[in-house]
Each structure stands twice: as C-alpha cells, then as structure tokens.
Amino acid sequence: MNLREAVIAVSIALMIALLAYTIGAGGLGPIAPSRLRDLAVSYLINTYNPWNITKSALSLEAVTAIVWDYRGLDTFFETSVLFVSIVGVALVFRGYREKLGLGGKGLSEIVKTSTKVLTPLILIAGISIAIHGHLTPGGGFQGGSFIAVLLVLMSVVFSLDFVIGSGLTSSKLLMLRSIGLVGVLSTSVALVVLGIVLGTHAYIFQNIAREGSPLSMPTWLLDRPTGGTLLFFNLFEALAVAAGLSLAFLVLSLRESEVEEALGESEWYE
Amino acid sequence: MEVVPISIAAIAALLSVVATYLAVRSRDMLAAVVFSAVQSTAYALIYYVLMAPDIVLVYIPVSVGILPAVAVLLIKKTERYES
Amino acid sequence: MGRVSGMSDLVITLYTIVVLSLVVNIGISLYGVFTRPSLVKKFICLTIFSDTLNSFAIAIGFRRVSDTYPSIAVLSSVPEELSELATFAETAVDPVPQALVLTAIVIGLAVYMFLVGLIVMYYRHYKTTHVRVVEGGSVG
C-alpha cells in the first residue's frame, strides 16, 4: 500500500466516522420517526380519494400514483434518459451485425426443458405486474425489468443463435421500444386532444378531472378501478423498458470478432 | 412485534458489509461480481423489511439478474484478473 | 412500561445498525472506486455505491407506528369511508422516496450498460483496463 492509497483510506475512514457520529447523534433528524412529512400525508390521503376528486389520482397504490400522475413529467424525462442511453449503447457498438451459424449450443437438455416451462411463466408474471400496477405493488418499470430477464435467460440457456433465429432481432426490439415511447407520449396528450375537439381546457399528463378542466380518463373497468391513464402508462412503459434493456443486452453480447470485422481496423484506430 | 423483522434487516446489513469488503478486495473479477450479487440480495431483504415492495420487485431483476449478467459479459470481453 | 421502552430501545439500536452498515458500505465502495486500478473493478464498486445511496433514500422513508408494524403504501381495498383514508395515512410508510428510487434504479441500469460499452471500447483501444497505463505511460 503506497502513500496515495493510505491517504485515501484514512480520509474515507474519517468521513465514515464523522457521518456515523452525526447520524447516531440524530443530526440528520430522528432515525425512523413516528410522524410522516406533510407531503407524504397529502399523497397518502389523496391517492384514492373519491370525496376530493380534483386532487386524487384514483389509484389504490400511492407509489404508482406519484410516479405517473403527480410527478408524471419527471418520469417522462427519465424515460427519455433511458431511451438516450440505449441509443448510446447502439452507437458505441455501431456497425454491429447479427449473424447466424456461429456455433454455441447452450446448456444441457434438462436445463433447456425446464427453461421452456419457465419462459411463459416469467412473461405472464411480468405482464401481470405491469397491468396491476395501480392496484398492487408493481408497475411498468417492475414488469419491464421482469420481462427483460427473459432474454438474458434465453441467451444463456439456448445460446444467442437461438434468440436471433427466433426473430428477436435488434431492429424488432428497437421498433417495440419506439412503440412503447409513442404510446407513453400519446397517452400523455390524449386528454389535451380530446379537450381541443370538445372545446374545453385540459392539461398535459392530466389523469382525473382537475379544477378548470372537467375531462377525465375512464376510471372503472367492469368491477376494478383502472386509475385513468395509469393503466396505459404502465403497459407502454413495461413494453419500452423490456424492449430497451433487451436491446442493450443483445448488442452488448454480440461477438467481439464480428464487431471488429464490421467496423474495420481503420475506423477505430484514429 | 417489530423486533424480528428489524433484526433480519440488521443481519442482512452486516452481511452486505462483508460482501462489499470481499467484492472490493478480491483480485478475481468473477468473484467480485458474485459478491456484489450477494450484497444486492441482502439489500433486497432490507428493502422488504423497510416496507418497499415496489423497490424489491424492480431491484431483484435489475441488480441480481441483469447487472451481473452484463458484468460477466464485460469480464469475458476484457480481462478476468486484476494485474 | 419499562419493558415497552426497553423493546423500543432495542428496535432503535437495530435500526441504527442498519443505517451505520450502509454508511460503512459507502466508505468501502468509495475506497474501491478511488484506489483499484482496474476499470471493471471501479464499475462494480460504483454500482454498489449507487445501490447504497438508494438504500439511504428508502431508509429515510421508513417510520415507526405505535403498537403495530407500519404498512406498505398501498390501499388493500377501495375505501368506503373517509376515516379509512385517515387510518391509512397514520400507518403507511412514506411513498415519495420509493417513487424516486424506483425510476433511478432502472435508469441507472441503462446508464451502466452504456458505461460497459465504453469500457469495452477502452479495452479494444488500449488492450488493458488498467487506468494508470493511460495516465502515465507505465503501470504504477
């Protein structure tokens, strides 16, 4: 251990000691307080509040209501960051090609058979988590990540050839990802368009009727609340996250030699 | 009876400290990835005890499923042992 | 009464252990980011660091409720009366940090994938993932 590492270690240890002392002495507020902050109380009371409908999201789950209704614009831009970084991955590996017949047999027959049983279960669980996002814990991000695990599992167990051969190419995934993003966009402006047609006011990312704009998304489907826009947002976001993460994994797992061949020596050595 | 769940969280937190230390110290990158996955599992337990099921549902596939897979891909494409 | 406060002290101690372990994790992972020479190891330490910070946000949202355990921020059924909502707000945990961390984790994964792509390109260019080789021209 040279001097530089020792200095870093000592200063980090000092930082930990000071931070621990501050937190232990209650300097950053009491640990696990019994009283909630006012903002949290307001969200909890208004998340499903049919008696005060202009402040409510009509969703049984408070987290999804905050993510897609109260702070919807924030989440929309986070989705844009996701899109941009997936595009960045594809750009760093530009010129990649998906070739078949490069070998790779996957794991043994037993593992393959059990994965075949598991695949529809994971898919259904992911979709169920996504579309019940406003009723139970879950939502678009959770369901999308669940489904994205599927491609990782398939490319490990069945080999990459099988995945690409079965039609999950990167252009199709990019298309699915764009469909998800367009869905999120059109859901967010749906009420604005309806308001222009009917000649009333409406806000972007409006879910339930607010003061000065009486329009509202459908809140009940048969005998279950739908949470207005939340159902559509969760569905499209699950599609976008699943396709985007799968696309990034697919591009990253392409073989080294193929990419080099496609890029050519001259392009990446100045 | 809130002692039992909080004790589980405390044990998981101590386990995560051990796993993080081993992940930082080990020279073998694959071992570091496995220790980081152990740390993620301990964190998922903490989230569950702290009543955040939404985070558990998103954290398990991301940090125990996809991220180790991506890190193993990275190690396969670069080098396994730290020089 | 004395027994109840003894239990309460024990719970506070255990909760402090959780928070202080997270602080220690921050220190260890930052040490890894600063001193380990390999970019891959820096990457693994960075993911641990960001996970720990997210855990802090979740820990801030936790609360204690007298004589019961706090509930999740989800209504179990459609409320029939206004008083049900008041009871819910008295027992549920804070949903705001959970909503913020939820998006941060998924976006973080996409950014890490971009980072992985950059490290692979670095390796192709310099044939190593050691940072000092590039800094000073030799392994130091």
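Two residues are in contact if their C-beta atoms, placed from the backbone, lie within 7 Å. On that basis, 17 residues of chain A and 12 residues of chain B make up the contact between these chains. The model is predicted. Chain A also meets chain C, with 54 residues of chain A in contact with 47 residues of chain C.

**Chain A with chain B**

- The contact draws 17 residues from chain A and 12 residues from chain B.
- On the side of chain A that touches chain B, two elements give two or more residues: α6 (140-157) and α9 (229-252) of chain A.
- Helix α6(A) supplies the largest share of this side, at seven residues.
- Sorted by class, this side of chain A holds 11 nonpolar, five polar and one charged residues.

**Chain C with chain A**

- Here 47 residues of chain C are in contact with 54 residues of chain A.
- Helices α1 (2-35), α3 (82-91) and α4 (95-126) of chain C each bring at least two residues to the side that touches chain A.
- The largest share of that side is 18 residues, and α4(C) provides it.
- By class, the side of chain C that touches chain A counts 36 nonpolar, seven polar and four charged residues.

**Confidence in chain B**

- Chain B has a mean pLDDT of 91.
- In chain B, 98% of residues reach 70 or more.
- Confidence in chain B is highest in helix α2 (residues 29-49), at a mean of 94.
- Confidence in chain B is lowest in helix α3 (residues 53-77), at a mean of 92.

Terms used:
Residues are numbered from 1 along each chain as its sequence is written. Chains are lettered from A and ligands numbered from 1 in the order in which they are written. This is a predicted model: local features need pLDDT of at least 70, side-chain atom pairs count only at pLDDT 80 or more; totals for chains, interfaces and linings use all residues. Helices (H or I, at least four residues) and strands (E, at least two) are DSSP runs, numbered from the N terminus. Ala, Val, Leu, Ile, Met, Phe, Trp, Tyr, Cys and Pro count as nonpolar, Asp, Glu, Lys and Arg as charged, and the others, Gly among them, as polar. pLDDT is the predictor's confidence in each residue, from 0 to 100.
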